[in-house]
Amino acid sequence: MEQIAVNEKLKSNEPIILPTVPLLSPQKIDEPKKEEPQKVEEKKLSEAEKTAHIFGQSEEEICKEFRAFKATKIFKKFDFDLTEVFDEENLKSKVDEAVKIGFGNVVVNPKFIKTVRQRLKGKKIGVYAAVCYPFGEELYGVKKYATKLAFSNGADGIYLPVGVADILRGRIEGIKREFAKIIKRNRKKKVFAVLEIGELDRPSCEKVLKSLSKLKLSGIVCGTGKISEGKNLTATDVHALSGGKTTVVAYGNSQKSREIINLFSVADRVFLKNATKIATDLKNNLEC
């Protein structure tokens, strides 16, 4: 009957209305949960371990080499004070120590310049003469001759003290003129002014340092005395008073390598009598 009704509608061109069928909603299918990859904590390697891995060496070997490298750089900034060594054979032995350890310079009495120069032939170690050392109270003529002789005998440079008596008399300009003449006569050589402050007051030290800082000195070596106020005039003071433009050499009288190393925060070099002992201590205690 339904089919006949449909046919009749087709013949009469009537629209056919089809029954609506409800659409089925798609069923939700639970997808399997993806497991997140577990984070593997990477071991953080130290710089020494990384370097050891690169070069195929143990960490201990790398640390040993690095300590030796640091020690070599530091020792080049040591000026070995041999001014109190008067026996020639003992002096030669000390010079050999300087070569073995690798110090930057040795400082000796002028009479030994030729001996030390010959001993250090072909070695990259500076030979400095302590001229008119340690007080520097000689007249300018004596200083001039002693300086000339030291350089003619092969010195690379000189350590020339500033006369304390001249400072106390207020001859600051006179001191400046004398050093200016010596520098001019030895333009290609290194001239260091040694300031042993003794019982000088701070104003006097300030005046002489400011005056000397205007010259083309190779540097200023600060002594270990105490000023009258009872405070040490340290390398820090010298560095500040010279405007930070002058090479500062600090006299290191400590027996502890750590204290010597601390001097480099304000000084460019150190002047040491016990350089061999300090060097040995440093090698054993330098951190990797």
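Modeller: Start with Cys132, which sits in the loop between S3 and H6. Helices (H or I, at least four residues) and strands (E, at least two) are DSSP runs, numbered from the N terminus. This is a predicted model, in which local features need pLDDT of at least 70 and side-chain atom pairs count only at pLDDT 80 or more, while totals for chains, interfaces and linings use all residues. Residues are numbered from 1 along each chain as its sequence is written, and side-chain values use heavy atoms, with hydrogens and water left out.

Cys132 has a positive phi of about 55°, yet Cys132 is not a glycine. Its relative accessible area is 13%, so Cys132 counts as buried (under 20% relative accessible area; exposed is over 50%, partly exposed in between; 1.4 Å probe, protein chains only). Pro134 lies in this loop between S3 and H6 too. The peptide bond from Tyr133 to Pro134 is cis, with omega near 10°. For background, most residues other than glycine have a negative phi, and most peptide bonds are trans.

Now look at what flanks the loop. Helix H6 (residues 140–152) lies across strand S3 (126–130), strand S4 (157–161) and strand S5 (190–195). H6 runs at about 160° to S4. Axes are lines fitted to C-alpha atoms, for helices over the stretch in contact, and angles run from 0 to 180 degrees between N-to-C directions. Contact means heavy atoms within 4.5 Å. Helix H12 (residues 275–285) packs on the sheet as well, touching strand S1 (78–81) and S8. The direction of H12 makes about 140° with that of S1.

Which order do the strands follow in the barrel? 8 strands close up as S1-S2-S3-S4-S5-S6-S7-S8, and their pairing is parallel. The twist averages 25° from one strand to the next. Two strands pair if DSSP finds at least two bridges between them.

Take S1 as an example. 3 bridges link S1 to strand S2 (residues 105–108), and the two run parallel. S1 and S8 also pair in the parallel sense, over 3 bridges.

Strand S7 (residues 248–252) and strand S8 (residues 269–272) pair in the parallel sense over 4 bridges.

Next, a pair of helices. Helix H8 (residues 172–185) packs with helix H9 (residues 202–212) at an angle of about 30°, and their axes are 10 Å apart. H8 is therefore roughly parallel to H9 (angles under 35 degrees; over 145 is roughly antiparallel, 65 to 115 roughly perpendicular and the rest oblique). Ile172, Glu173, Ile175, Lys176 and Phe179 in H8 meet Lys207, Val208, Ser211 and Leu212 in H9.

Finally, the whole. The protein has 12 helices and 8 strands. Buried residues make up 39% of its 288 residues. Of the contacts with a separation of 6 or more, 66% come from residues 24 or more positions apart.
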